[in-house]
Amino acid sequence: MTSNPSSASTYDVVLIGGGIMSATLGALLRQLEPGLSIALFGRLDDVALESSNGWNNAGTGHSALCELNYTPLRPDGTVDISKAVNVNEAFQVSRQFWSYLVETGQIASPRDFLNPIPHMSFVWGAENVDFLRRRYAALQQHPLFEGMSFTTDEGQMRQWMPLVMQDRAPGQPLAATWHPAGTDVNFGALTHRLIDLLASKPGFDLNLAHEVENLTPTGDGQWDVAVRTVHGGGERKVRAKFVFVGAGGGALHLLQKSGIPEARGIGGFPVSGQFLRCTNPDVVSQHHAKVYGKASVGAPPMSVPHLDTRVIDGKQGLLFGPYAGFSTKFLKQGSWLDLPRSIRMDNIGAMMAVARDNMPLTRYLIQQVMQSNEDRLKALRDFVPTARKEDWELITAGQRVQVIKKDAKKGGVLQFGTEVVTGGGGSIAGLLGASPGASTAAPIMLTVLQRCFADRLPQWEARLREMVPSYGRKLGQDAALCAQVRERTRTALQLDG
């Protein structure tokens, strides 16, 4: 893919960042109003080279079918499924948008980026088995989770995940849930398809190897966007009626530079991650699922251990992890000065409060950073007892920056999730945070549209319902609509279950 900058100096929309978020917003806007002029600026030589890249994330289509951190225990011992329902609802919106693009021939084949992979939860120990049983009992009553199975039978588990059960020590209480409607998503490939879709129509300028250095309000509701050419150092300035900052970890710096009040007091805490990857066909062929366990005490939610089947560019592999780490970079290809440069007088208090109140997380990160290869292999063997060191290689995942916000009681809180920041009377929006992130790009971008294009929503509503039939409604509250949407997207996206 090559850049195609024009001489235009004013755009209706400027997208900053070459990942799944910018691509999704651009694709939505192109469907809703084809006449918009849109420019995308990405600092790297191609799109989807940071967190959206296929190997820089686990590729889980997050729908809470297997992720235990979305279903915490309440103090009374019951399982709270509210977050799981919200995550699943959001992913169904993404599925609907992707289905529309496939059905209308704008994406040739869903197999270019999406594959059906069963989602499983797997636990050991009597207490965890009891938790999983209660979780299953709570979820199976909800229409969004219809089709889930639970077992404590080792024979059934050997059918579902033979690699995980091979040579497992006997006598330990085990339990698993299984759902056939899980997915593996190559968000890098999807980003490329969406950018190709944008580039196929007039009115879109793709500017790669261009780094946005500053955002300045013009005083009339627009923005001056200062851009530097990465190879050569040339500078240019464009004007935008609307700016979306979808630059992953780099979004915080730009939102701070924009001067919008909504960005004041926000800080970022970077967490790096690593995975063990296996591409040995003899091992890969023995596992076809995404199997999620329980997080260690003190671990952040995105550090829940899981063994995943991945399909990247038509080839299957396995990932295990993530192993958390710490880096002061906000992007994988960022600067070691990213964290210190983000500290300001308006957010330092919240950041210090978070440091004070999150000692278990600090200890966890120190332990992870100090791990040896043998320590990592030991964790892997909890899931794959027969794992051999020579079959697995360590790879570095994309960088994640968790949001830190001021809090009246605590001084500051560390948030796990995504945060949409809008300002300038709806003329600018940015996205901060991490998981479930990419899986919920479509509903997150619908939120951006609702906040920043409210005056156009009435004329867009019919088109939005065509793309997302559940728009404005909750699938969890309408079993018939839920079944209809799930069947439509299952057929369009060629998914099982």
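Modeller: S17 and S18 run antiparallel and are joined by five bridges. Strands are DSSP runs of E of at least two residues, helices are runs of H or I of at least four residues, and both are numbered from the N terminus. Two strands pair if DSSP finds at least two bridges between them. This is a predicted model, where local features need pLDDT of at least 70 and side-chain atom pairs count only at pLDDT 80 or more, while totals for chains, interfaces and linings use all residues. Residues are numbered from 1 along each chain as its sequence is written, and side-chain values use heavy atoms, with hydrogens and water left out.

Colleague: How many residues sit between S17 and S18 in the hairpin?
Modeller: Three residues lie between them.

Colleague: Which residue in S18 is the bridge partner of Ile404?
Modeller: Leu414 is the partner in S18. Ile404 is also the bridge partner of Gly267. Strand S12 and strand S17 (residues 400-407) run antiparallel, with five bridges.

Colleague: New topic. Which residues of helix H11 are buried?
Modeller: In H11 (residues 359-369), Leu361, Tyr364, Leu365 and Gln368 are buried. Buried means under 20% relative accessible area, exposed means over 50%, and partly exposed is in between, using a 1.4 Å probe and protein chains only.

Colleague: Where are they around the axis of H11?
Modeller: They cover an arc of only 95 degrees, so they are on the same side of H11. The arc is that of the directions from the helix axis to the C-beta atoms.

Colleague: And what covers them?
Modeller: The cover includes strand S12 (267-278), S15 and strand S18 (411-415). Contact means heavy atoms within 4.5 Å.

Colleague: Let's do Asp12. Is that one buried or exposed?
Modeller: Asp12 counts as buried because its relative accessibility is 19%. Asp12 is in strand S1 (residues 10-16).

Colleague: What does its side chain reach at 2.9 Å?
Modeller: The side chain of Asp12 reaches the backbone nitrogen of Ser37. Asp12 and Lys241 also have a polar contact of 3.2 Å between their side chains. A polar contact is a pair of N or O atoms within 3.5 Å; within protein, one must be able to donate a hydrogen and the other to accept it, and residues adjacent in sequence count only if both atoms are side-chain atoms.

Colleague: Now the backbone. Which residues does the cis peptide bond join?
Modeller: Gly321 and Pro322, with omega about -5 degrees. Pro322 lies in strand S15 (residues 315-325). Most peptide bonds are trans, and most residues other than glycine have a negative phi.

Colleague: What is phi of Asp313?
Modeller: Phi of Asp313 is near 55 degrees, a positive value in a residue other than glycine. Asp313 is in the loop between strand S14 (306-312) and S15. Asp313 is exposed, with a relative accessible area of 68%.

Colleague: And Gln494, where is that?
Modeller: Gln494 is in the segment after helix H15 (479-492). Its phi is near 60 degrees, again a positive value in a residue other than glycine. Gln494 is partly exposed, at a relative accessible area of 42%.
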